[in-house]
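Thanks for coming. I will go through one model today, and I will keep to its helices and a few loop residues.

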Amino acid sequence: MKTSRIFAFALTLIVSLPFTVSADDGRVVLVTGANRGIGLEFVQQLKAKGFDVIGTARSPAKATELKATGARVEQLDVTDAASVAALAQSLDGVAIDLLINNAGMLNREDSSLDTLDFDVMERSFQVNSLGPLRVTQALLPNLRAGEGKTIVNITSRLGSIELSTGGLYSYRTSKTALNQINKIVSSELASEGFTNIVMHPGWVRTDMGGAGATLSKTESVSGMLGVIDNLTTDSNGKFFNYDGSELPW
Ligand SMILES: NC(=O)c1ccc[n+]([C@@H]2O[C@H](COP(=O)([O-])OP(=O)(O)OC[C@H]3O[C@@H](n4cnc5c(N)ncnc54)[C@H](OP(=O)(O)O)[C@@H]3O)[C@@H](O)[C@H]2O)c1
């Protein structure tokens, strides 16, 4: 076989290799909004698998459960440019294999035009849409230095236009915007071997999901880690449910 064909074959193998979270191979994962809820569960499960985990919290001093996991804890408010820049500075030179943009907010008060509050709506876009983009941009050098080159943005099926039944103006629209942001970033970084996805965690019993939700944090996060484990570069840009099925835009 000619050298160029051997090179092309080897390249095909490299680009289709899945990112694996099942093996403890010293890979580094950063999770935002890691002091409670789904983010904390991600950290706990990843630490149990032996990964090097960095968990961020708006108030590290109060993040008792996060600190108890043994993860490296960093301060981060995803809406605050100075906080994001300080995180990037603190992590200068640290290769990150997987970024999980998990931090998010839900306002339940704006399900009608009568109650719509534009300040809350702007805040929701800052947290749910621009926050993940800010963090991705700031940590791009770290992600480029990592081998995993995987970015998972935690979205919601409520951001799907096709599945929309109305209500929750700020939450739905800010997650729809996140889905589009993921698509754009996935196109831009594809040639570098990145896999960027949006994933719905299911309806989960957290402060946000409430006690009546169908899934425990353990079920949701183990499902999502299974999805991440099976990602290939072919998954780039897609919208997954926590069980690995694809969701409509
Ligand atoms: N639970 C569900 O059923 C469900 C369903 C679909 C999608 N999701 C998505 O899953 C993700 C996690 O949700 P969850 O249920 O775990 O929610 P949660 O229990 O309310 O936790 C939200 C997390 O985000 C953090 N956060 C909020 N605003 C932030 C900001 N400006 N900067 C940095 N961190 C911030 C919170 O930090 P503080 O403690 O400082 O507030 C907290 O750590 C969110 O993106 C959510 O939209 C959840």
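First, the ground rules. This is a predicted model, in which local features need pLDDT of at least 70 and side-chain atom pairs count only at pLDDT 80 or more, while totals for chains, interfaces and linings use all residues. Residues are numbered from 1 along each chain as its sequence is written, and side-chain values use heavy atoms, with hydrogens and water left out. Helices (H or I, at least four residues) and strands (E, at least two) are DSSP runs, numbered from the N terminus.

I start with helix H2, residues 37-48. H2 has 12 residues and reaches 17 Å from its first C-alpha to its last, close to the 16 Å expected at 1.5 Å a residue. That expected span is 1.5 Å times one less than the number of residues.

How many residues of H2 are buried? The count is 9 of the 12, so H2 is largely enclosed by the rest of the structure. Buried here means under 20% relative accessible area, exposed means over 50%, and partly exposed is in between, with a 1.4 Å probe and protein chains only. The buried residues are Gly37, Ile38, Gly39, Leu40, Glu41, Phe42, Val43, Gln45 and Leu46. What covers them includes strands S1 (28-31), S2 (52-57), S4 (98-101) and S5 (150-154), along with helices H3 (64-68) and H8 (217-229). After H2 comes Gly50, with a positive phi near 95 degrees.

Now take H2 against H8. Their axes are 9 Å apart and the helices pack at an angle of about 60 degrees. Axes are lines fitted to C-alpha atoms, for helices over the stretch in contact, and angles run from 0 to 180 degrees between N-to-C directions. H2 passes H8 in a right-handed crossing. By definition, a crossing is right-handed if the near helix is turned clockwise from the far one by less than a right angle, and left-handed if anticlockwise. On the H2 side, the residues that meet H8 are Gly37, Ile38, Glu41, Phe42, Gln45 and Leu46. Their partners in H8 are Lys217, Thr218, Val221, Ser222, Met224, Leu225 and Ile228. Contact means heavy atoms within 4.5 Å. The residues of this contact divide into 7 nonpolar, 4 polar and 2 charged.

Helix H4 (residues 81-90) packs on H5 at an angle of about 30 degrees, with the axes 9 Å apart. That makes H4 roughly parallel to H5; the term covers angles under 35 degrees, with over 145 roughly antiparallel, 65 to 115 roughly perpendicular and the rest oblique. Ala81, Val84 and Ala88 in H4 meet Arg134, Val135 and Ala138 in H5. This contact has 5 nonpolar residues, no polar ones and 1 charged.

The other partner is helix H7, residues 169-189. The axes of H5 and H7 come within 8 Å and cross at roughly 20 degrees. H5 is therefore roughly parallel to H7. The crossing of H5 and H7 is right-handed. Among the contact residues are Phe125, Pro132 and Leu133 of H5 and Tyr171, Leu178 and Ile181 of H7. Here the division is 11 nonpolar, 7 polar and 1 charged.

Last, the loops. Most residues other than glycine have a negative phi. Lys149 lies in the loop between helix H6 (140-145) and S5, and is buried, with a relative accessible area of 17%. Beyond its neighbours within four places in sequence, Lys149 is in contact with Asp97, Leu143, Arg144, Glu192, Gly193, Phe194 and Thr195.

Leu168 also has a positive phi, of about 45 degrees, and is not a glycine. Leu168 sits in the loop between S5 and H7 and counts as buried at 17% relative accessibility. Ser112, in the loop between S4 and H5, is partly exposed at 28%. Ser112 and Leu168 are 56 residues apart along the chain, and their C-alpha atoms are separated by 7.8 Å.

Technical notes
Nonpolar A, V, L, I, M, F, W, Y, C, P; charged D, E, K, R; others polar.
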